[in-house]
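Q: Could you take one close look at the strands in this model, and describe how they are paired and how their residues are placed?

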Amino acid sequence: MAITYMTREGYKKKMDEIAYLESVKRPEISRAIAEARDKGDLSENSEYDAAREAQGMLEMKISQLKDLVANARILDESKLNTEEVQVLNKVKIRNVANGMTMEYTIVADSEANLREKKLAQSTPVAQGLLGHKLGEVVEIKIPAGTAKFEIVEISF
């Protein structure tokens, strides 16, 4: 699995999720399997089949999360600067065509959440902004064509 960059907060969230799945969800599914098993013939027991499938899905999710955190590298926020756009920077951009401004924090892919205005570093917009400086106008290829954005502010 590839190296994933995360903030301390993102790493902690993933570790908390693993702990929850292992300590709460795993026992729940084990109980459901035991209850279904107690109902008799397993060959025609759809509850048992559903519980076993849920267990498989849960174990797969736990395994994926453990792989993710095992290959995680914590980003050192003390080494951030606002000279140019980089991961963990908050960037305010203005669409040159329509004047609309947007503000995003560029984060690791595993922490992306558009509702919280956290943009994954692998997205076309983030890729187009990374490495550019305040005041620069960058042309970014997006699904709807190309758009020009001016970098209005860089912070963290």
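**The strands in detail**

A: Valine 137 lies in strand S6, which spans residues 137–142; strands here are DSSP runs of E of at least two residues, numbered from the N terminus. The model is a predicted one, in which local features need pLDDT of at least 70 and side-chain atom pairs count only at pLDDT 80 or more, while totals for chains, interfaces and linings use all residues. Residues are numbered from 1 along each chain as its sequence is written, and side-chain values use heavy atoms, with hydrogens and water left out.

Valine 137 counts as partly exposed because its relative accessibility is 47%, a class that falls between buried (under 20% relative accessible area) and exposed (over 50%), using a 1.4 Å probe and protein chains only. When neighbours within four places in sequence are set aside, the residues in contact with valine 137 are Val96, Lys148, Phe149 and Glu150, contact meaning heavy atoms within 4.5 Å. For glutamate 150, which is 13 residues away along the chain, the separation of its C-alpha atom from that of valine 137 is 4.2 Å.

Strand S3, made of residues 90–95, has two faces: Val91, Ile93 and Asn95 make up the covered one, whereas Lys90, Lys92 and Arg94 make up the uncovered one. S3 pairs with strand S4 (residues 101–107) through five bridges, and the two run antiparallel; strands pair if DSSP finds at least two bridges between them. Within this pairing, valine 91 of the covered face stands opposite tyrosine 104 in S4. S3 and S4 form a hairpin with five residues between the strands, and in the turn glycine 99 has a positive phi of about 75 degrees.

S3 is also joined by six bridges to strand S7 (residues 145–155), and this pair likewise runs antiparallel. Here isoleucine 93, another residue of the covered face, has isoleucine 151 in S7 as its bridge partner.

Returning to S4, threonine 105 is found in this strand and counts as buried, because its relative accessibility is 17%. With residues up to four places away in sequence not counted, threonine 105 touches Leu88, Asn89 and Lys90, and also Lys117, Lys118 and Leu119. One of these contacts, Lys90, belongs to the uncovered face of S3. Threonine 105 is thus buried at 17%, whereas valine 137 is partly exposed at 47%.

Definitions and conventions
Helices (H or I, at least four residues) and strands (E, at least two) are DSSP runs, numbered from the N terminus.
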